[in-house]
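Subject: Structure for your review

Dear colleague,

Please find below the structure that I am handing over to you.

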Amino acid sequence: AASCSSASERRRRAYGRARAAAWPSARTEQRRGSSAQRRPLAPAANMAHDLMLDPSIRNWVLFPIILVMTLVQVNRSWVQVLLKSEKPPEQDHVHHMQLLSRSARLRANNRLLSSAAFNVRRDFFRAKGTGRLRAEVEGGAPNPMQNPDGMMDMLKGNLSMMVPNIVMMGWISYFFSGFVLVKIPFTLTEGFKQMLQRGVELQTLDVSYVSSLSWYFLVMFGLRGLFTLLLGENSLPDDTQMMQQQMGMGAANPMQFDAKKAYKSERDALKFVEHVCVLDDAEKAFLSKSAAR
């Protein structure tokens with residue numbers, strides 16, 4: 001029994017010495033790990049400064065995209081001219097617009113008329129029973145679905161706008177997917193990353209770099225001035241105006257014109273015109289200036 005107790009006592013002392021010897025090294029490793037965790041990492045933006053763009057990307061990706069987009073836009077403008085149907089405006093619509101234009105000119109130049117002349121012209125437009133702006137006209141904008149010519153023109157415009165865009169996006173996504181083309185020479189916030197780096201999923205890439213797909217959208221919306229110089233002011237199709245007309249906006253569209261509401265608003269505008277003739281005291285003002293000289 002004494003020998004067993006002495007052996008266990010020796011084992012306990014050896015375990016204590018081994019634990020005491022290992023304790024400083026464990027503390028040292030723990031301190032190293034905590035200091036490594038507290039050490040600040042290099043920011044992701046600093047990694048982007050080492051990115052070097054190959055000059056071949058400029059020659060074989062950047063310039064071809066601009067050239068192909070210019071040629072597509074030129075062909076698209078000629079297709080628009082060929083598909084556009086020339087039809088004369090409706091007689092009723094022209095009559096309404098001319099009448100409203102005459103009333104608007106009267107309101108704009110009323111100071112050059114005498115009170116009697118202005119009242120006669122105003123009664124011609126808005127007198128009860130006889131006023132031209134009180135004539136019985138059909139109210140409500142016509143339904144564009146009932147106009148086959150307008151629907152056909154809308155379909156042609158959609159095809160000429162959507163087909164080239166789909167083909168160009170597919171071409172760029174297939175041949176130039178993942179390319180980084182240019183770098184914007186100024187800093188941007190992280191909110192522009194999704195817009196400028198479509199198709200390139202790199203969290204460490206700086207926001208100022210532009211991918212191939214994003215470059216396509218920038219060129220499409222940014223070269224309108226160049227296309228206007230090459231093709232002319234009226235030959236370039238306006239995508240924004242086309243989309244507004246399709247959504248029902250744009251008062252200049254004959255399909256959305258409501259003559260009854262336009263007549264009522266013009267009558268109200270004529271009613272509240274404060275007429276002051278500038279020629280009533282023109283003689284006195286002229287004589288006073290001549291006497292002063």
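A crossing of two helices is called right-handed if the near helix is turned clockwise from the far one by less than a right angle, and left-handed if it is turned anticlockwise. In this sense, H3 passes H9 in a right-handed crossing. Please note that the model is predicted.

The chain contains twelve helices and two strands. Along the sequence, these elements follow the order α-α-α-α-α-α-β-α-β-α-α-α-α-α. The chain has 293 residues, of which 25% count as buried. Among the contacts with a separation of 6 or more, 73% are between residues 24 or more positions apart.

I turn next to helix H3, which spans residues 55–83. Its axis and that of helix H9 (residues 224–231) come within 11 Å and cross at roughly 55°. Angles from 65 to 115 degrees count as roughly perpendicular and those under 35 as roughly parallel, and H3 and H9 are therefore oblique to each other. On the side of H3, this contact is made by Met 69, Thr 70, Gln 73, Val 74 and Ser 77; on the side of H9, it is made by Phe 227, Leu 230 and Leu 231. Five of these residues are nonpolar, three are polar and none is charged.

H3 also packs against helix H8 (residues 212–222), with the two axes coming within 11 Å and crossing at roughly 40°. That angle makes H3 oblique to H8. This crossing, too, is right-handed. H3 contributes Leu 62, Ile 65, Ile 66 and Met 69 to the contact, while H8 contributes Trp 215, Tyr 216, Val 219 and Met 220. The residues of this contact comprise eight nonpolar, no polar and no charged.

Which residues have the most contacts inside the largest nonpolar core? They are Ile 65, Met 69, Ile 172, Leu 181 and Trp 215, in a core of 18 residues. H3, helix H6 (148–175), strand E1 (180–183) and H8 each supply at least two residues of this core. Met 69 touches Met 168, Tyr 216, Val 219, Met 220 and Phe 227, when residues up to four places away in sequence are not counted. Another core lies apart from the largest one; it has twelve residues, including Leu 100, Phe 125, Ala 259 and Val 273. As general background, nonpolar side chains tend to be buried together in soluble globular proteins.

Leu 83 is also found in H3. Is Leu 83 buried, partly exposed or exposed? Its relative accessibility is 34%, so Leu 83 counts as partly exposed. The C-alpha atom of Leu 83 is separated by 8.5 Å from that of Gly 157, although the two residues are 74 residues apart along the chain.

Finally, I would draw your attention to another pair of helices. Helix H4 (residues 91–108) and helix H5 (residues 115–126) pack at an angle of about 155°, with their axes 11 Å apart. Angles over 145 degrees count as roughly antiparallel, and this makes H4 roughly antiparallel to H5. The crossing of H4 and H5 is left-handed. Leu 99, Arg 102, Ser 103 and Leu 106 of H4 meet Phe 118, Arg 121, Arg 122, Phe 124 and Phe 125 of H5. Here the residues divide into five nonpolar, one polar and three charged.

Yours sincerely,

A colleague

Notes. Residues are numbered from 1 along each chain as its sequence is written. This is a predicted model: local features need pLDDT of at least 70, side-chain atom pairs count only at pLDDT 80 or more; totals for chains, interfaces and linings use all residues. Side-chain values use heavy atoms; hydrogens and water are left out. Axes are lines fitted to C-alpha atoms, for helices over the stretch in contact, and angles run from 0 to 180 degrees between N-to-C directions. Helices (H or I, at least four residues) and strands (E, at least two) are DSSP runs, numbered from the N terminus. Contact means heavy atoms within 4.5 Å. Ala, Val, Leu, Ile, Met, Phe, Trp, Tyr, Cys and Pro count as nonpolar, Asp, Glu, Lys and Arg as charged, and the others, Gly among them, as polar. Buried means under 20% relative accessible area, exposed over 50%, partly exposed in between (1.4 Å probe, protein chains only). A nonpolar core is a set of buried Ala, Val, Leu, Ile, Met, Phe, Trp, Tyr and Cys residues joined through side-chain atoms within 4.5 Å.
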